[in-house]
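Dear colleague,

Please find the structure below. Some notes on its aromatic rings follow.

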Amino acid sequence: MRKPLIAANWKMNKTIGEALTFAGAFGQMLFERFEGGDMPVDVLICPPFLGIPALCAVFAGKDVHIGAQDMYWKDKGAFTGEVSPSMLKDAGCTFVITGHSERRQLFGETDEDVSEKARAALDHGLKPVICVGETLEEREQGKTNQVVSDMIRAAFSKIKAEEVPSVVVAYEPVWAIGTGKEAHPADAAEVIGSIRETVDALFGEGVSDELRVLYGGSVKPGNIRAFMLEEQIDGALVGGASLDPNDFFKLVEAAHKARS
Ligand code: PGA
C-alpha cells in the first residue's frame, strides 16, 4: 500500500517569522487531531531555503517532513548561489522538489538537470519529488501523455528499479498551476496511469506499484477529496492553499478521510 502524501510547496512565500507562525498554528491542529502519533498521511512542507532550519527545529521528532524546493546536484564548490544535497540533509530535509514547471519555465531547468538532481537526491538519502506536466498548448494538441512520458523517461534515466519506492512524482499540468482551474480528477488519474505504464516499461512490470504519484495544480480543501478517491492518485502537491495553516490542515484531514 502506498501511503498518501500531502505536500506544501510554499514557493517564494513566507519570512522565517511567518514560517514559524504557520508551524505553530498548523502543528497545534495536527497534533491535537492525530495526538502527536504516527501520521496516517505523510505531511511535507517545502519552504524557501531560509525557512528550513526553523521548520526542522519546530517539527524535530514529529512526523512532519521538511523539504527544499530545489538544489544543485554537486556536493560543494564554486557554484555561487547554490545549495547542495548534503547541506539540505544536514539541515534536516528528507525530500527535495525537482523540475517544478516554474523552475523549468522561468529558470531554464532542463530534463538533464532534473535527472542529475534526482540522482544526487537519492545518493544523499533525500526523496526527490519529480514534477512533470504538459502546457495548455500541448494538451490541446493531444500530446499530454507523450510529453509527460518523455519527461518521466528523462528524469528516471539515472535511477535504478530498487530506488523507485523512494521517488515521488508530481503530475502538475502547467495550465492548472495557480490558475484556480484544477484538472478533472479522472483525467489526472488517466495521465498518472500512463506515468505508471512508462515507469513499468523502464523498470519492469509492477515496479510502479510502489511509486507515489501526486496530483498538483489548484488543489484546495474543497476539491482534494475527489482527487484522493482516485486510486491512481497518492496525494497532492499544493501551492496557494498550503500557505494558510487552516487550509493545509483541512487538506491533510480530507486526504486521510477519503482513504479511511
Ligand atoms: P497551486 O500550485 O496549488 O497554487 O496551483 C501547485 C504547485 O505549483 O505545486
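Is Phe-22 buried or exposed? Phe-22 is buried, with a relative accessible area of 2%; buried means under 20% relative accessible area, exposed over 50% and partly exposed in between, with a 1.4 Å probe and protein chains only.

The model is predicted: local features need pLDDT of at least 70, side-chain atom pairs count only at pLDDT 80 or more, and totals for chains, interfaces and linings use all residues. Residues are numbered from 1 along each chain as its sequence is written, and side-chain values use heavy atoms, with hydrogens and water left out.

The structure contains ten aromatic pairs. Rings of Phe, Tyr and Trp (its six-membered ring) pair if their centres lie within 6.5 Å; planes under 30 degrees apart count as stacked, over 60 as edge-to-face and the rest as tilted. One of the pairs is Phe-22 with Phe-248: the ring centres are 6.3 Å apart and the planes stand at 40 degrees, so this pair is tilted. Because Phe-22 lies in helix H1 (residues 16-33) and Phe-248 in helix H10 (residues 245-259), the pair ties together parts that are 226 residues apart in sequence. Helices are DSSP runs (H or I, at least four residues), numbered from the N terminus. Phe-248 is also buried, at 0% relative accessibility. Ring pairs join Phe-22 and Phe-248 with Trp-10 and Phe-26 in a cluster.

Charged groups also meet rings. The charged end of Arg-33 sits over the ring of Phe-34, 4.6 Å from its centre, and that of Lys-62 sits over the ring of Phe-31, at 4.8 Å. This requires NZ of Lys or CZ of Arg within 6 Å of the ring centre and within 35 degrees of the ring normal.

How values were computed:
Helix = DSSP H or I, 4+ residues; strand = E, 2+ residues; numbered from the N terminus.
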